[in-house]
Amino acid sequence: MKKIEDIDFERLTRDDLIWLLQRENSNELQYLYDRAYETKLKYVGNKVYLRGLIEISNICSKDCYYCGVRRSNAHVRRFMMSKDEIIKAAKWAWEKKYASLALQSGERSDTDFVEFITDILREINRFSNGSMGITLSVGEQSEKAYRLWREAGAKRFLLRIETSNPELYKKIHPADHSFEERLASLALLRKTGYQVGTGVMIGLPGQTFEDLADDIIFFKKQDIDMIGMGPWLPHHDTPLGVQYPQIDQKKQLEMGIKMIALVRLYLKDVNIAATTALQAIDPFGREQGLKAGANVIMPVITENEHRGDYLLYDGKPVSDESAEGFRQALQNSVSGIGEEIGFGLQGNSRHWQKRTGA
Ligand code: SAM
């Protein structure tokens, strides 16, 4: 019988990944998380980097079967933050020594939207003297838009492939959403000079252990710099959420943490986010992610009337993470697990630094 102690964690094979994803015994899981944590300390250290997440709009032209803000969901109150609101949040983050921001929104590629984002990037760069690490997460765009935004000051882009299995991708998206185009967008992001981030949803209906192992291998083959992935959670107004309303939340969380550990062990020097979906299942889900190899947290810093309208899945926390009490609680819980928040540090991906000599 295969024993976890016999695995060569320096050189994991696809079979090892599959076998490790299947582990459920708590001693074995702890062994895995400990190996991943050691790897994290060795390659990226014990600093946790913050990205102040601004959810700028839930208006979306896409219709993904899993997403609460999909175009066809008529129950969503659509919103778009104003430029002033976004800049105010960005300045708040800057003053609080969050040296990085992530701007996320539903997908739009019209000229007004492209210009709006360009304006915001220029303004953030102006007040921060170009030293804010800005990540965009606004979906598939033209090469021209990617270039424009890069020149206007965006440094990183997060575009999840959602699943690296094209067949599964087809099942969770309408026919006009193309896996190949998403892949081509990742290549464009690389070409236009971004730190490239991608990720998947974990525990999707129909997803196998083999699929998840292949997702990890996909990240490596694509030479990805940053990973943002988390458990799939049902939303009651989506086709997938209606078809599969009941999930084992504990299992989803466990699978999410296992994936973090395995990505750390397999890719070593990338940035990995402990995402909000982990925290949606367990208030300490993100800390568990950090102890298994993640090194980035993205607290939502938009404190506005639309906070509750960016609901991608049921149970998404809507607490005000910009409040003073929350900051203190976050700092306490991070230092409680022996880590340190990298205030004032952009926390660029080491992998990206090595690959570009930056
Ligand atoms: N529109 C941009 C894009 O498509 O990249 C960014 C916004 S999109 C809402 C951000 C991510 O939310 C998606 O990449 C997807 O992985 C995640 N997401 C959407 N619905 C989800 C769900 N039900 N459970 C977990 N994650 C979900």
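Cavities were located on a 1 Å grid over the protein atoms alone, as sets of points where a 1.4 Å probe fits but cannot get out; lining residues have an atom within 4 Å of a point. Residues are numbered from 1 along each chain as its sequence is written, and side-chain values use heavy atoms, without hydrogens or water. Because the model is predicted, local features need pLDDT of at least 70 and side-chain atom pairs pLDDT 80 or more, whereas totals for chains, interfaces and linings use all residues.

The ligand is surrounded by 20 residues, each with a heavy atom within 4 Å. Tyr66, Ser105, Arg160, Glu162 and Leu233 are the closest. By class, this shell holds 11 nonpolar, five polar and four charged residues. Here Ala, Val, Leu, Ile, Met, Phe, Trp, Tyr, Cys and Pro count as nonpolar, Asp, Glu, Lys and Arg as charged, and the others, Gly among them, as polar.

Polar contacts are pairs of N or O atoms within 3.5 Å. A polar side-chain atom of Arg160 lies 2.7 Å from a ligand oxygen. For Ser105, a backbone N or O atom is 3.0 Å from a ligand nitrogen. The side chain of Arg182 places an N or O atom 3.1 Å from an oxygen of the ligand. Taken alone, the ligand exposes 560 Å², of which the protein buries 92%. These areas come from the Shrake-Rupley method with a 1.4 Å probe.

The largest cavity holds about 800 Å³ of space. Volume is the space filled by probe spheres set on grid points, which are joined across faces, edges and corners. Its lining comprises 37 residues, with Gln104, Arg160, Glu162, Tyr310 and Leu312 nearest the centre. Of the lining residues, 19 are nonpolar, 10 polar and eight charged. Strands E2 (52-57), E3 (100-105) and E8 (226-231) and helix H11 (276-281) each supply at least two. E8 gives the largest share, three residues. Helices (H or I, at least four residues) and strands (E, at least two) are DSSP runs, numbered from the N terminus.

In total, two cavities reach 30 Å³ or more.

Technical notes
On a 1 Å grid over the protein atoms alone, a cavity is a set of points where a 1.4 Å probe fits but cannot get out, and a pocket is an open set with protein on both sides within 12 Å along at least five of seven lines; lining residues have an atom within 4 Å of a point. A polar contact is a pair of N or O atoms within 3.5 Å; within protein, one must be able to donate a hydrogen and the other to accept it, and residues adjacent in sequence count only if both atoms are side-chain atoms.
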